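Please open the structure in your viewer and keep the selection tool at hand.

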Amino acid sequence: MLSSPFIARPLAVNQIMLRVLLALLPGIALYVWYFGPAILVSITLASLAALATEALMLKLRGRPLKPFLSDNSALLTAWLLALSVPPLAPWWLVVVGAAFAIAVAKQLYGGLGNNPFNPAMIGYAVLIISFPHEMTHWVSPQVLGGVHLSFADQLNFIFRHALPPGLTLDAITMSTPLDTLKTQLHLGLSVSDIRDMPIYGRLAGKGSEMVAIGFALGGLYLLFARIISWHLPLVFLGTLFAMAGLFHLFDPAHYVAPLFHWFSGAAMIGAFFILTDPISSPTTAKGKIIFAAGAGILTYLIRVFGGFPDGIAFATILMNLCVPLIDAYTQPAIFGRKDAKK
């Protein structure tokens, strides 16, 4: 006979991180299917750079290597960064971004549990500001039927920046659906004309919309497994939908429908994997709602009116700055004293 107490043992940090990594696999698999295996090279390079940098920083700080290297947090940072960088980016770009994310955004603040900012998004922000040219060449989806590189050609381009004879970079890369939309709107085209372009599917960009669905499926697994709570992803997606819906109702010729914003760019991976970072997000339920709503508003404003094609990274970083204030004003009252403030 079993006896009480029936208390579930909480998951260890490495188990939580491992489950989050596994939840990324559906999106990564669809990424490989629609855009080729180059993304696996980026993930591998970022992982090696992140682990090596983590080991070096731990050594310099006099900390033991095994417990921190085996908690899978460096790998998660590496994967999120790699998925934010064009898969044909030069090898050194991914390495620099991963090393900076671990060394500066994580270890210099004291390591896991002390970093106020999401390390992967700090790494991405540094790369997009410092190397905008390299960060804008996204590989074309295979469903468009254009020129595609073999895996060997992709490796040759990543490590040697060399293409097969007769091919140019413009023949195998393109702007993201969000960037294309913004550029064509500035040229005077309407949303309906732009959405008829061959790069767009039913929801957003061809290929990229399926990748977003893959990340959404992984995020739903995290919700049902209670690795993350509903507050951050649902409020973020709801706010992004509401913002896009209001502008679309006001002027449908110049503002695209809400579902486009859901399935474009990093909205889904941001909702379920980036904003839900337990270290750099608020600890209270009310705080998570405020944090997610702010991130949704900022993401839409940056996408539509800002100078960058996507706004997830900068929205996350800006809201990370607000977390101490949000936590301070959303702490529940001390039990038995409604007027007390913690």
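Which residues does alanine 267 touch, not counting residues up to four places away in sequence? The model before you is predicted. Select alanine 267 and display its surroundings: the residues in contact are Phe236, Leu237, Leu240, His261, Trp262, Arg303 and Ile312.

**Alanine 267 and its helix**

Alanine 267 belongs to helix H15, which covers residues 267-274. Is alanine 267 buried or exposed? Its relative accessible area is 0%, and because buried means under 20% relative accessible area, alanine 267 counts as buried. Alanine 267 and phenylalanine 157 are 110 residues apart in sequence, and their C-alpha atoms are 28 Å apart in space.

**The nonpolar core**

Now select Leu24, Leu83, Phe236, Ile269, Phe272 and Phe273 together. These are the residues with the most contacts inside the largest nonpolar core, which has 98 residues. Helix H3, residues 38-60, gives the most to this core, contributing 8 residues. In soluble globular proteins, nonpolar side chains tend to be buried together.

Keep phenylalanine 273 selected and display what surrounds it. Leaving aside residues up to four places away in sequence, phenylalanine 273 touches Val20, Ala23, Leu24, Leu80, Phe215, Gly218, Gly219, Leu222 and Met268.

**Helices H5 and H6**

Two packed helices are described by the angle between their axes and the distance between the axes. Select helix H5, residues 73-82, and helix H6, residues 91-103: they pack at an angle of about 135°, and their axes are 10 Å apart. The angle therefore makes H5 oblique to H6. Their crossing is right-handed. To view the contact, show Ala74, Thr77 and Leu81 in H5 beside Val94, Gly97, Ala98, Ala101 and Ile102 in H6. Sorted by class, this contact of H5 with H6 comprises 6 nonpolar residues, 2 polar residues and no charged ones.

**Helices H6 and H7**

H6 and H7 pack at an angle of about 135°, with axes 8 Å apart, so H6 is oblique to H7. The crossing of H6 with H7 is right-handed. Which residues make the contact? H6 supplies Leu93, Val96, Gly97, Phe100 and Ala101, while H7 supplies Pro119, Ala120, Ile122, Gly123, Val126 and Leu127. In the contact of H6 with H7, 9 residues are nonpolar, 2 are polar and none is charged.

Notes:
Residues are numbered from 1 along each chain as its sequence is written. This is a predicted model: local features need pLDDT of at least 70, side-chain atom pairs count only at pLDDT 80 or more; totals for chains, interfaces and linings use all residues. Side-chain values use heavy atoms; hydrogens and water are left out. Axes are lines fitted to C-alpha atoms, for helices over the stretch in contact, and angles run from 0 to 180 degrees between N-to-C directions. Helices (H or I, at least four residues) and strands (E, at least two) are DSSP runs, numbered from the N terminus. Angles under 35 degrees count as roughly parallel, over 145 as roughly antiparallel, 65 to 115 as roughly perpendicular and the rest as oblique. A crossing is left-handed if the near helix is turned anticlockwise from the far one by less than a right angle, and right-handed if clockwise. Contact means heavy atoms within 4.5 Å. Ala, Val, Leu, Ile, Met, Phe, Trp, Tyr, Cys and Pro count as nonpolar, Asp, Glu, Lys and Arg as charged, and the others, Gly among them, as polar. A nonpolar core is a set of buried Ala, Val, Leu, Ile, Met, Phe, Trp, Tyr and Cys residues joined through side-chain atoms within 4.5 Å. Buried means under 20% relative accessible area, exposed over 50%, partly exposed in between (1.4 Å probe, protein chains only).
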